[in-house]
Structures are given as C-alpha cells and as structure tokens.
Amino acid sequence: MASSSLRSRDPGSWTPKQNKLFEKALALYDKDTPDRWHNVAKAVGGKTAEEVKRHYEILIEDLKHIESGRIPIPNYKSRHPQC
C-alpha cells in the first residue's frame, strides 16, 4: 500500500509538454549516445529512463503500424474551407 502512495500520478501518462521535450531529446541524444535513456529522462523531467525507453518503443510500434497501412490516415476536415 505504501508503494502506491509514492507515485501520485499515472506513470504512463505524458503531458503535451513532456512529449515535446521527449521529441527534442530524441533528436539531441541519438542511438549512439552513452546513457541515452538517462539523458532523455533528465531532459523530459518526471520520468525514469525505463519510462522514456518504453515510450520510445511504443512510438516505434505505432510508426510501424502506420507505415504498414494497418492504421488508416485520418481524414481531417479543414476549419477553413478553401476558396
């Protein structure tokens, strides 16, 4: 019961700000960077190295599904119709 009180928020939830920091950190720390996931976690803030690594793995899986055509591209409607 005490362990659940150590984390007041869902570790799987990412704010838009954290996602943007994550993207920037991935561009900065490439796959050859020593301690890449620790560096990314530090840049994001509030996440562990394991959490950012898992977030990256989920991102890669999502990209594979999109590129394979298993997930259709959304049909976004423009707010401003073209004249």
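Start by selecting Arg36 and Tyr56: Arg36 lies over the face of Tyr56, at 5.1 Å from the ring centre. Here, a charge sits over a ring if NZ of Lys or CZ of Arg is within 6 Å of the ring centre and within 35 degrees of the ring normal.

A note before moving on: this is a predicted model, where local features need pLDDT of at least 70 and side-chain atom pairs count only at pLDDT 80 or more, while totals for chains, interfaces and linings use all residues. Residues are numbered from 1 along each chain as its sequence is written, and side-chain values use heavy atoms, with hydrogens and water left out.

Next, colour by secondary structure.

Now look for aromatic pairs, meaning rings of Phe, Tyr and Trp (its six-membered ring) with centres within 6.5 Å; planes under 30 degrees apart are stacked, over 60 edge-to-face and the rest tilted. The count is two. Select Trp14 and Phe22: their ring centres are 5.4 Å apart and their planes at 70°, so this pair is edge-to-face.

Trp37 lies in helix 3 (residues 36-44) and Tyr56 in helix 4 (residues 49-67), so the pair ties together parts 19 residues apart in sequence.

Conventions: Helix = DSSP H or I, 4+ residues; strand = E, 2+ residues; numbered from the N terminus.
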